[in-house]
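This report describes selected features of one protein model, from its pockets and helices to its aromatic contacts and backbone geometry. The sequence and the structure are shown first.

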Amino acid sequence: MAVVLLGGLGGCASAVTNDEADAATAERTAAPTVAPTGCSSEFAVDYGDVVGLQDVTDEFGTYCHTTIGPESEAAIYDSAKTDVETLNEFGFTENDAAEALPVALRILTEEVLDSSRLDNYSIAPAEWFAANSDYMSTKWQPVYQKAIDKDAATLGMSETSGIIVTDILPSPLARDGGARASSAVVRLDRVHGEEPDGGEPNLVFSFSTTSTFVATDAQIVALVLAADANQIEDALRASNPELFDEADNSSLIMTGKTLLGFGLESNEQIIGSSSVFQLYTDQGLGIVE
């Protein structure tokens, strides 16, 4: 499942390069972080790279909204993952990258992966946008708004509004006071600069993520049947009996690649975004590929 980015990001996945061959050992600088207020549940997050940010209560109950953990490896700026040559080529510095990294991680963990619309579709896309438009530069806010207005039902999964994940997970997920994802692993793959045809210079962060969600067998079966019109329940029962044993001990794994781009004017707001996600069960059954 692909989401095409806004703001003209190219999204190429070429290898990291750093032509300063005589540079010292890669500098690793702790990124400044905003201290989360935390969640009331002592066991809000099982493991991974996120921590509790705050309790959220909706029509289904209470869950812990998460953010990037300050001790996560991804939260430490690493020049070895930075293509300094392309940064300089398009007017950016490593200082820009270090300053934008915590912002990119907050957007990634708090909204791309843990949006209020992740599994609560009663929240209108326009309502989500009104609450989160400050993540986007003023210039690009109308572009995102236009994309949302064009296809409001699939904000985050349409071909133009790639900013959050929605409409592919069971509704609702867990509402036990803990995080909806029992774990979320975040990896920073690359930092580089680019200027696509017809676009403007972008400081691009490339992330890989894996989130694990507990779901009932019935929820997973419903997802599988909805995702594949040719799937027959009896055939699914034969091939995946674990989904019909009433044990409810299966999990959903969501993996993805996300790009977030910043412009020359601000290290606080994005001008482009792109995500590609896959969803499968812990037994390896593909749902969204």
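## Pocket, cavities and overall make-up

Helix α3 gives the largest share of the lining of the second largest pocket, namely 4 residues. The model is a predicted one, in which local features need pLDDT of at least 70, side-chain atom pairs count only at pLDDT 80 or more, and totals for chains, interfaces and linings use all residues. Residues are numbered from 1 along each chain as its sequence is written, and side-chain values use heavy atoms, with hydrogens and water left out.

The second largest pocket has a volume of about 160 Å³. Its lining comprises 14 residues, and E111, S116, W128, A131 and N132 lie nearest the centre. Two or more lining residues come from each of β5 (61-68), α2 (94-112) and α3 (125-132). Pockets and cavities are found on a 1 Å grid over the protein atoms alone: a cavity is a set of points where a 1.4 Å probe fits but cannot get out, a pocket is an open set with protein on both sides within 12 Å along at least five of seven lines, and lining residues have an atom within 4 Å of a point. Grid points are joined across faces, edges and corners, and a volume is the space filled by probe spheres set on the points.

By this rule there are 3 cavities of 30 Å³ or more. The largest cavity has a volume of about 90 Å³, and the residues that line it include V50, T66, D114, R180 and F213. R180 also lies over the face of Y63, at 3.9 Å from the ring centre; a charge sits over a ring if NZ of Lys or CZ of Arg is within 6 Å of the ring centre and within 35 degrees of the ring normal.

The protein chain contains 6 helices and 11 strands, taken as DSSP runs (helices H or I, at least four residues; strands E, at least two) numbered from the N terminus. Of its 289 residues, 52% are buried; buried means under 20% relative accessible area, exposed over 50%, and partly exposed in between, with a 1.4 Å probe and protein chains only. Among contacts (heavy atoms within 4.5 Å) between residues at least 6 apart in sequence, 69% join residues at least 24 apart.

## Two helices with a buried side

In α3, the buried residues are P125, W128, F129 and N132. They cover an arc of only 100 degrees around the axis, and therefore sit on the same side of α3; the arc is that of the directions from the helix axis to the C-beta atoms. A130 and A131 are exposed on the other side of α3.

Helix α5 (residues 217-227) buries D217, I220, V221, L223 and V224. Viewed down the axis, these buried residues fall within an arc of 160 degrees, so they line one face of α5. They pack against α6 (233-239), β9, β10 (270-281) and β11 (286-288). The face turned away from the buried side of α5 carries the exposed residues A218 and A226.

## Aromatic cluster

The structure holds 2 aromatic pairs. Rings of Phe, Tyr and Trp (its six-membered ring) pair if their centres lie within 6.5 Å; planes under 30 degrees apart count as stacked, over 60 as edge-to-face and the rest as tilted.

| Pair | Centre distance | Plane angle | Class |
|---|---|---|---|
| F205 and F207 | 6.3 Å | 10 degrees | stacked |
| F205 and F262 | 5.7 Å | 85 degrees | edge-to-face |

F205 lies in strand β8 (residues 202-214) and F262 in strand β9 (residues 251-262), so their pair ties together parts that are 57 residues apart in sequence. F205, F207 and F262 form one aromatic cluster. F205 is buried at 0% relative accessibility, F207 is buried at 1%, and F262 is buried at 0%.

## Loops and backbone geometry

Most residues other than glycine have a negative phi, and most peptide bonds are trans. The peptide bond from S171 to P172 is cis, with omega near 0 degrees, and P172 is located in the loop between α4 and β7 (183-194).

E246, although not a glycine, has a positive phi of about 65 degrees. E246 belongs to the loop between α6 and β9 and is exposed at 73% relative accessibility. D248, also not a glycine, has a positive phi of about 50 degrees. D248 lies in the loop between α6 and β9 and is partly exposed, with a relative accessible area of 38%.
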